[in-house]
Amino acid sequence: EMLFTAIPVFWTRLWNRIGGGAGHGIRKALEPALGAFQRAYDRVEDRYERLIVWALAHKLRVIAVALGMFVASVAVIPRLGIELIPQLSQGEFKVEFRLPPGTPLEVTDANIMKVMDASPDAPKVNAMYSVAGTGNRMDANPEQGGENWGELSVMLNRGSGRDDEERAMSALRAHMQELPDVQYKFARPTLFTFKTPIEIEVAGFDLGELRRISNEIAGRLETSRRFADVKSTMRSGHPEIQIRFDRERAAALGFPVYQIAQRVVDQVRGAVATRYSSHDRKIDVLVRATESDRNSVEKIRKLIINPESPFPVTLDAVADIVIDTGPGEIRRADQERVALVTANLGYGDLGGAADEIDAILGSIAMPSGVIARLAGQNREMTASFRSLMLALILAIFLVYLVMASQFESFLHPFVILFTIPLALIGAVLALLVTGSTISVVVFIGLILLAGIVVNNAIVLVDFVNQLRERGMTKTEALVAGGRSRLRPILMTTLTTVLGLIPLALGIGEGAEIRSPMAITVIGGLSVSTLLTLVVIPVVYSVLDRKE
């Protein structure tokens, strides 16, 4: 305890002996600047006092202007655009290739190499590497399989931003559009587990109808510049040999269908008859038909299904063997078969894209039993905004309860809550000027504003109440309280705004996720402070009838 007491005393004495003279000299040097600042502030204070007197004399006009600004800001909100979360720029992206089923690995690799050879046209590309085809990888995605699949990873130069990524993607996309029968999709590394920006679910039972409707929707999206990298999951599968059994013929010959199917599998794919032991290893012994007996459709037709009988019967006697193309995959959602049409945004925001997709789906005649609905990030965005709106309402309610308990009044906290609509005016203006969209991050900034912007009004209203208790009239207390509390109100606002400016400038990696929140708080707090100094005294004068 003695040590902690002695340290401040020691530094104080050291400053008085060594730095006292220097400190006096600094104060003398700053006196002209401080004097000029004080004179300027006095003029601002005098003009603000005259402004309050004018506002209290024209209450209806002040309230009408504030209400008009609020309505105008609400009307501007649809123009800002809506998205789930701002896209992050990480200086890299990937391109997924998918060629028609059955494409050899060499052709897939050759198409990827064509894009890589065109990479010098893409600006600020530092390195590229690719993967063609997939094997038995443990981490293989079910959508990523076969020799017709490939992936190209692109690394940009250090310091590249979002605009550089967009230009590089546009340059590569222009070259990829020249490749025939190639589906491709651009994607950035994901830090959050979000779905594709555009995702349309087409649900039904008939796979043919699902393929037709999903292809029609994909074709409509491809004609719009708003959408890029359109892809449908109802793609053609791999060619396959299908054996369609005739149960009546099989029954007439006395063969159970399951027994025939098992024998065909054993002869074509093979069956493990035994295991050969070699030291400590067990090696499977696979028995199946010779390659010459199973390397063509005609050979498979002539497979003997009853080798133990003296009267051999071939497979084509009880089944039709044809070559067909099976489905690439069958997806299910909520126990329904669904086809997914996915796309990225070519430009604009997610909200505008959702409106355009609703118009496209409304213009397509859906057959019976088939429905199409918008999913993906739009569904997540709707759920997130609903939760955040509830959190905002709850925050305002809790703020009101705290103020009501402290003021011991229900009226004065209600007056203070008028600062929140005023903050919305500044937040919308700041987002509009900076070109930012409404996202989850912006909503978090609005929730922060609900607890920050009321501070200035609390300082003002509390001091006005103190002056009225000392005997001042309501108008005199509002004018004197506004003039006296102008300095602390400006100080608290400036410290908060200046502290958030580095965050709003978007400096450093991942700034896209932080900047909108700071912009929202800075705009809402700045405009709310300026309007609070005028509007809150007027609202107080109108609602508080006590003299």
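The side chains of D320 and R249 meet in a salt bridge, with N and O 3.5 Å apart. D320 sits in strand β10, residues 319-327, and R249 in helix α6, residues 247-253, so the bridge ties together parts that are 71 residues apart in sequence. How open are the two partners? D320 has a relative accessible area of 43%, so it counts as partly exposed. R249 is partly exposed too, at 31%. All of this describes a predicted model.

**Other salt bridges**

The search of the whole structure finds 13 salt bridges. One of them joins R226 and E356, with 2.8 Å from N to O. This pair links distant parts of the chain, 130 residues apart. R226 lies in the loop between α5 (207-222) and β6 (227-232). E356 belongs to helix α9, which covers residues 350-362.

Is R226 buried or exposed? Its relative accessibility is 14%. Buried means under 20%, so R226 counts as buried. E356 has a relative accessibility of 24% and therefore counts as partly exposed.

A further salt bridge is formed by K302 and D316, whose closest N and O atoms are 3.2 Å apart. K302 lies in the loop between α8 (297-301) and β10, and D316 lies in the loop between α8 and β10. The pair therefore ties together parts that are 14 residues apart in sequence. D316 is partly exposed, with a relative accessible area of 24%.

Salt bridges can also share partners. Which residues are joined into one network in this way? They are E45, D46, E49 and R483.

| D320 and R249 | 3.5 Å | 71 residues |

**The whole protein**

The protein has 17 helices and 13 strands. There are 547 residues, and 40% of them count as buried. R226 is a buried residue, whereas D320 is partly exposed.

Contacts show how the chain comes together. Take the contacts between residues at least 6 apart in sequence. Of these, 76% join residues at least 24 apart.

Definitions and conventions:
Residues are numbered from 1 along each chain as its sequence is written. This is a predicted model: local features need pLDDT of at least 70, side-chain atom pairs count only at pLDDT 80 or more; totals for chains, interfaces and linings use all residues. Side-chain values use heavy atoms; hydrogens and water are left out. Helices (H or I, at least four residues) and strands (E, at least two) are DSSP runs, numbered from the N terminus. Buried means under 20% relative accessible area, exposed over 50%, partly exposed in between (1.4 Å probe, protein chains only). Contact means heavy atoms within 4.5 Å. A salt bridge is a side-chain nitrogen of Lys or Arg within 4 Å of a carboxyl oxygen of Asp or Glu.
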